[in-house]
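Subject: Structure for you to look at

Hello,

I am passing on the structure we spoke of. Please open it alongside this email, as the notes below are meant to be read with it.

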Amino acid sequence: MLVWLKVFHITFMVIWLAGLVSLPRLFVYHAGAKDRPRSDQSSVLLAGTIERNLSRLMSVGAGVTIIAGVWMLVLLGGSWIAHNGWFHAKLVLVLLLLGFHGWCQLQNKKFRENRNHGTRGYFQAMSAMPIVLLFLILSLVEIKPF
């Protein structure tokens, strides 16, 4: 049972992270479309549709990742958690990922309502955030430094 939960956890984590990396890149293009002529606004509508669908997919990924992760924790028991300090650091980083997920959802909503004022540079900088967090999380999981 634990092996299958781990497979689900990792598979849906990949889906979730793919969305967290891709959605801010779409925001870069969407933000740049504001400067285009009105006749070229069909690309903005297409971007909005893709953003909405990707947002839904990454939310499913996040949900299954969290459910499978919590289920594994229940099966492993409390003593396992208490003796693995790296795991506490991982949880903090996962909470930051959840915060970034919320930020993405908020930006998506602002774009739909035509009230997003972020620049291309802003979204380009933010698109690095999930990659950095993923690197740190995987480092903790594999190296278990404490």
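Predicted model: local features only at pLDDT ≥ 70, side-chain atom pairs only at ≥ 80, totals over all residues.

Helix 6

Helix 6 runs over residues 129-143, which is 15 residues. From its first C-alpha to its last it reaches 21 Å, close to the 21 Å expected at 1.5 Å a residue. Its buried residues are Pro 130, Leu 133, Ile 137 and Leu 140. Looking down the axis of helix 6, these buried residues fall within an arc of 95°, so they line one face of the helix. The face turned away from that buried side carries Phe 135, Glu 142 and Ile 143, which are exposed. Just after helix 6 comes Lys 144, with a positive phi of about 45°.

What the helix packs against

Which elements do the buried residues of helix 6 pack against? They pack against helix 1 (2-33), helix 4 (85-112) and helix 5 (120-126).

For the pair of helix 1 and helix 6, the packing angle is about 150° and the axes are 8 Å apart. On the helix 1 side the contact is made by Met 13, Leu 17, Leu 20 and Val 21. On the helix 6 side it is made by Pro 130, Ile 131 and Leu 134. Sorted by class, this contact has seven nonpolar residues, no polar ones and no charged ones.

Salt bridges

Side chains of opposite charge can pair when their charged atoms come close. How many salt bridges does a search of the whole structure find? It finds two.

One is formed by Lys 109 with Glu 113, where the closest N and O atoms are 4.0 Å apart. In the other, the side chains of Arg 115 and Glu 113 meet at 2.5 Å, N to O.

Regards

Conventions: Residues numbered from 1 in each chain as written. Heavy atoms only, no water. Helix = DSSP H or I, 4+ residues; strand = E, 2+ residues; numbered from the N terminus. Expected span 1.5 Å × (residues − 1). Buried < 20%, exposed > 50% of the residue type's maximum accessible area, 1.4 Å probe, protein only. Arc of directions from axis to C-beta. Contact = heavy atoms within 4.5 Å. Axes fitted to C-alpha atoms, helices over the stretch in contact; angles between N-to-C directions. Nonpolar A, V, L, I, M, F, W, Y, C, P; charged D, E, K, R; others polar.
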